[in-house]
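Welcome! Here is a short tour of a protein chain, starting with a bond and moving on to what surrounds it.

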Amino acid sequence: MKWLLVLIAINQYADGSSEHYILTSPTFNSLQQCQQEAMVNHQQVEQLALDHFGGPAKVYCFDQENLKEYLEQNAITGPTNPVKKKSI
């Protein structure tokens with residue numbers, strides 16, 4: 001199972017929705033590996049949130065299938081054009 005790190009902006013729009021940023025690289029083999037990477041690289045993760053949202057974000061680890069299901073149920077719009085990849 002592939003795990004992905006997902007940032008969800010704390011700032012919400014008037015309708016209650018928030019922007020999401022999904023890191024597609026690196027991917028992780030387990031929830032524990034994903035969480036550990038987020039903790040070890042917390043400064044880089046916080047900087048990604050500032051760069052993309054202009055403020056803080058909640059950090060989650062999703063397995064790929066559950067993320068797909070979550071987005072299908074909750075997404076208001078489709079994905080935007082991918083931005084240049086940044087590593088954590």
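## The disulfide

This is a predicted model, and the count of disulfides in it comes to one. The bond joins cysteine 34 to cysteine 61, with an S to S distance of 2.1 Å. It ties together distant parts of the chain: cysteine 34 sits in helix H1 and cysteine 61 in strand S3, 27 residues apart.

The torsion about the S-S bond of cysteine 34 and cysteine 61 is about -90 degrees, so this disulfide is left-handed. Both cysteine 34 and cysteine 61 are buried.

## The nonpolar cores

Let's look inside. The largest nonpolar core has 15 residues, and Cys34 is among those with the most contacts inside it, along with Leu5, Leu7, Tyr21, Leu23 and Phe53. At least two residues of this core come from each of strand S1 (3-9), strand S2 (20-28), helix H1 (31-40), helix H2 (42-53) and strand S3 (57-63). Apart from this core lies another, of five residues, including Leu4, Val6, Ile8 and Leu67.

Leaving aside residues up to four places away in sequence, cysteine 34 touches Trp3, Leu4, Leu5, Phe28 and Cys61.

The model has two aromatic pairs. The rings of tyrosine 60 and phenylalanine 62 have centres 6.3 Å apart and planes at 55 degrees, so this pair is tilted. Phenylalanine 62 also forms a tilted pair with tyrosine 70, at 5.2 Å centre to centre and 35 degrees between the planes.

Phenylalanine 62 is buried, at 15% relative accessibility, whereas tyrosine 60 is partly exposed at 35% and tyrosine 70 is partly exposed at 24%.

Methods
Residues numbered from 1 in each chain as written. Predicted model: local features only at pLDDT ≥ 70, side-chain atom pairs only at ≥ 80, totals over all residues. Heavy atoms only, no water. Core = buried A, V, L, I, M, F, W, Y, C linked by side-chain atoms within 4.5 Å. Buried < 20%, exposed > 50% of the residue type's maximum accessible area, 1.4 Å probe, protein only. Helix = DSSP H or I, 4+ residues; strand = E, 2+ residues; numbered from the N terminus. Contact = heavy atoms within 4.5 Å. Disulfide = S-S within 2.5 Å. Phe/Tyr/Trp six-rings, centres within 6.5 Å; stacked < 30°, edge-to-face > 60°.
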